[in-house]
Each structure stands twice: as C-alpha cells, then as structure tokens.
Amino acid sequence: MFVVIPLLFYYRVLPNYPLPFLVLCVTVIYLFLRRDPSFDRRHLWKLAGVRTGLKLVLIRAAVLCSVIGVGVWLFMPERLFSLVRRAPLLWASVMVLYPLLSVYPQELFFRAFFFHRYRRLFGQGVATVIASALLFGFVHIVFGNWISILLSSVGGMLFARTYFHSGSLALVCIEHALYGNFIFTIGLGEFFYHGTRR
C-alpha cells in the first residue's frame, strides 16, 4: 500500500487515479481499526488534543506558510494565487472539499493506521515518525514531480510529530488542511493534482 501501489500508479500499470484507491483503502482501514480491540478509538478524532495543541500548530503554520509564500513570490511569481485568479469558484470548492475528502482519509491512513499497525516494526518513538513522514512523501510520486514529494515529506514530518505527541487525528487534520489549502491558494496546487503528470 505504501510503496508498491504508488509505483504501479507512477509507471502507469494502474490508471493514475489514486483517489478511488485511497477511498477504498481508508474504508477498509476504518473498519479494521473500529473492530480492533487493541486500538483506542479516541485516536479516530480526539478533540481534546485540539484544545492543547492548536496554538503551537497555528504559530508554526503561520511561520512556514510565510516562508513558502515568499518562496513562490521570489521564484515562481507567475504562479502566485494563480488558481484564485483563474478559477475562484474552483478554488472555493477546494477550500471546502479538500479537508473533508482528502485530508481525513490521508491522516487516517498515514497516522492512525500506520502508528497502530507498524508500532511493533518501528517501535513507539522517532522511527515511526520518520517512517510515516517518508512514506507519506513517497506516495506523492504519483504526481510525477519533486516539489510534491519534497513538500509532502516535510509536511509528513510535521503531521507525524503532531500525531505522535497529541494522539489527536482532529488536530493533525486541522494542521494538514491549513498547509494543503494554503498550497492551493498560493499557486502550488498544480503540483498536487494527478493530471499534471502526462
């Protein structure tokens, strides 16, 4: 799921439409976690983690998004707010639908499931965080560009650390949505869309 399937998408052995596969996997994973007596179901959301960790997440996002924004302004000025300017209704739809249809499934897959399923392999510490982050970055190979892999690896490290410290999928989803929506707003969303790789 984490290596072979993305490679099959990348090499066109499978049609490059990963979203249906993600939905199928996440549905199976959700049912698996719900029925696993060793899994703490609070980790499927855990709002308490939002109250304790949101301030740090917001401060960190403000700093890093500012850095990304300045980078786009300096090195890719033609992309700055390109989606907002070109298709404002599509941008507004992404702002609403991306957190609901993409963020939660990804975090359920790479954080709640991964941390629970592979803790015996990687342990309870930093190795699991790193493995989760690197695999999260690697699956973005389906988009066929290094920017999506790099940004997703960095994002994956942030999200994995947040989940590791909070155990809150709700907090991680907020963090992921902040960065994801900013990426689409600032003009880098094109690198995270399967249609960009021909």
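1. Which residues of the largest nonpolar core touch the most other members? Before the answer, note that this is a predicted model, in which local features need pLDDT of at least 70 and side-chain atom pairs count only at pLDDT 80 or more, while totals for chains, interfaces and linings use all residues. Residues are numbered from 1 along each chain as its sequence is written, and side-chain values use heavy atoms, with hydrogens and water left out.

2. The core has 44 residues, and those touching the most other members are Phe-2, Leu-33, Leu-108, Phe-109, Phe-110, Ala-112 and Phe-184. A nonpolar core here is a set of buried Ala, Val, Leu, Ile, Met, Phe, Trp, Tyr and Cys residues joined through side-chain atoms within 4.5 Å, buried meaning under 20% relative accessible area (1.4 Å probe, protein chains only). Helix 5 (88-117) supplies the largest share of this core, 11 residues.

3. Leaving aside neighbours within four places in sequence, Phe-2 is in contact (heavy atoms within 4.5 Å) with residues including Phe-109, Phe-110, Tyr-118 and Leu-135.

4. Thr-128 lies in helix 7 (residues 126-139), helices being DSSP runs of H or I with at least four residues, numbered from the N terminus. Thr-128 is buried, at a relative accessible area of 1%, and, its neighbours within four places in sequence aside, Thr-128 is in contact with Phe-114, Phe-115, Phe-122 and Gly-123.

5. The buried residues of helix 3, among them Gly-49, Val-57, Arg-60 and Cys-65, pack against helix 8 (146-166) and helix 9 (169-186).

Note on methods: Helices (H or I, at least four residues) and strands (E, at least two) are DSSP runs, numbered from the N terminus. Buried means under 20% relative accessible area, exposed over 50%, partly exposed in between (1.4 Å probe, protein chains only).
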